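Welcome, and thanks for having your viewer ready. Let's take a short walk through this model, one selection at a time.

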Amino acid sequence: MHTNNLSNQKTINSIVDTPSQGQGRLTVVGAGPGDVELITLKAIKTLENANVVLYDALVNEELLKYAQNAELIFVGKRKGCYAYQQEQINELIVSRAKSAGHVVRLKGGDPFVFGRGSEEMEYAASHGLEVAMVPGISSSLSVPAYQNIPVTKRGSSESFWVITGTTKEHKLSADVALAAKSNATVVILMGMSKLPQIVELFKEEGKSNMPIAIIQNGTRKNEKIGIAIMSTIVDVVEKEKLSNPAIIIIGEVVRHREALLNAKNQYSNKNARLNEVGS
Ligand SMILES: C[S@@+](CC[C@H](N)C(=O)[O-])C[C@H]1O[C@@H](n2cnc3c(N)ncnc32)[C@H](O)[C@@H]1O
């Protein structure tokens, strides 16, 4: 049983390197969180072999330079642009794969983290396409990390939740209330419009002083960050004009930035004192 599972795994992963049999193929590829250097080598190689690239708004367009031989189609939502429905994207994947060969679906972060990558693969497979996936660096971990916020830290957090702030019914996920009861770090994507509701849930758990960070356009040149505690974060967001795309990080781990800064300052002060004594 165990051996069978392993050999299936090998077959699935090896699809990435298998040439198309004529019926077309889809590779769902993670583009990372925004910084162009935060993409995998495998993703770059896949882009180089693409005939068509369908990409989203959160993808850094500089990455499209790797897809020199491909037709590039923007299918994301952006002000003033036509927004494709998911059904239209699915159909476009299948029709372009059948006419052109290899379609790459380039998505922000990791396509399997709130990215609908799995749905697109299923649709493509049910229409006879070969399918494969190249994981990406998800914003849920890398955006906090870029701002020196670890999602786990010995003594502060033993686990983390990554939750969507907005479900397909446009409601706050019920998991946020459960996470608020835990000691875990809570990372919320697509939660900015529900921030006051989120704050209330944590206050109900007696966590008014819990540290919270909001990072907009993480890892990009226009990155913005707001740090506060639960009871003051809404004011900070208003003052700093923080908006989407942004990620919310809740937990003691947010204090790591401060701890790091203190450690650096202590070192500099100690060195300065030693230099004084020596001179
Ligand atoms: C549809 S989800 C896709 C997440 C993506 N698959 C990933 O793994 O990062 C989009 C949400 O991810 C978050 N997000 C993605 N990239 C971000 C970035 N560079 N900075 C801040 N938040 C980001 C925002 O909450 C945004 O609304």
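A word on terms before we start: a molecule sits in a pocket if more than half of its atoms lie within 2 Å of the pocket's grid points. The model you are looking at is predicted.

Select the ligand and you will find it in the largest pocket. Two elements each give two or more residues to the shell around it: helix 5 (139-146) and strand 10 (246-250). Now colour by domain. Domain 1 (11-137) and domain 2 (140-259) both contribute residues to this shell, so the ligand lies between them.

**Stop two: the shell.** Show the residues around the ligand; there are 18, and the closest are V113, S138, S139, G218 and A246.

Zoom in on S138, where a polar side-chain atom lies 2.8 Å from an oxygen atom of the ligand. Next, pick M190: here a backbone N or O atom is 2.9 Å from a ligand oxygen atom. Then move to A246, which places a backbone N or O atom 2.6 Å from an oxygen atom of the ligand. Taken alone, the ligand exposes 570 Å², and the protein buries 89% of that.

**Stop four: backbone geometry.** Most peptide bonds are trans, and most residues other than glycine have a negative phi. With that in mind, select N244 and P245: the peptide bond from N244 to P245 is cis, with omega near -10°. P245 belongs to the loop between helix 8 (233-240) and strand 10. Finally, go to H170, in the loop between strand 6 (160-164) and helix 6 (175-181). H170 is not a glycine, yet its phi is positive, at about 65°.

Methods:
Residues are numbered from 1 along each chain as its sequence is written. This is a predicted model: local features need pLDDT of at least 70, side-chain atom pairs count only at pLDDT 80 or more; totals for chains, interfaces and linings use all residues. Side-chain values use heavy atoms; hydrogens and water are left out. A residue is near a molecule or strand if one of its heavy atoms lies within 4 Å of it. A polar contact is a pair of N or O atoms within 3.5 Å; within protein, one must be able to donate a hydrogen and the other to accept it, and residues adjacent in sequence count only if both atoms are side-chain atoms. Accessible areas come from the Shrake-Rupley method with a 1.4 Å probe; for residues, only the protein chains shown count as cover. On a 1 Å grid over the protein atoms alone, a cavity is a set of points where a 1.4 Å probe fits but cannot get out, and a pocket is an open set with protein on both sides within 12 Å along at least five of seven lines; lining residues have an atom within 4 Å of a point. Helices (H or I, at least four residues) and strands (E, at least two) are DSSP runs, numbered from the N terminus. Domain bounds come from an automatic or database domain assignment.
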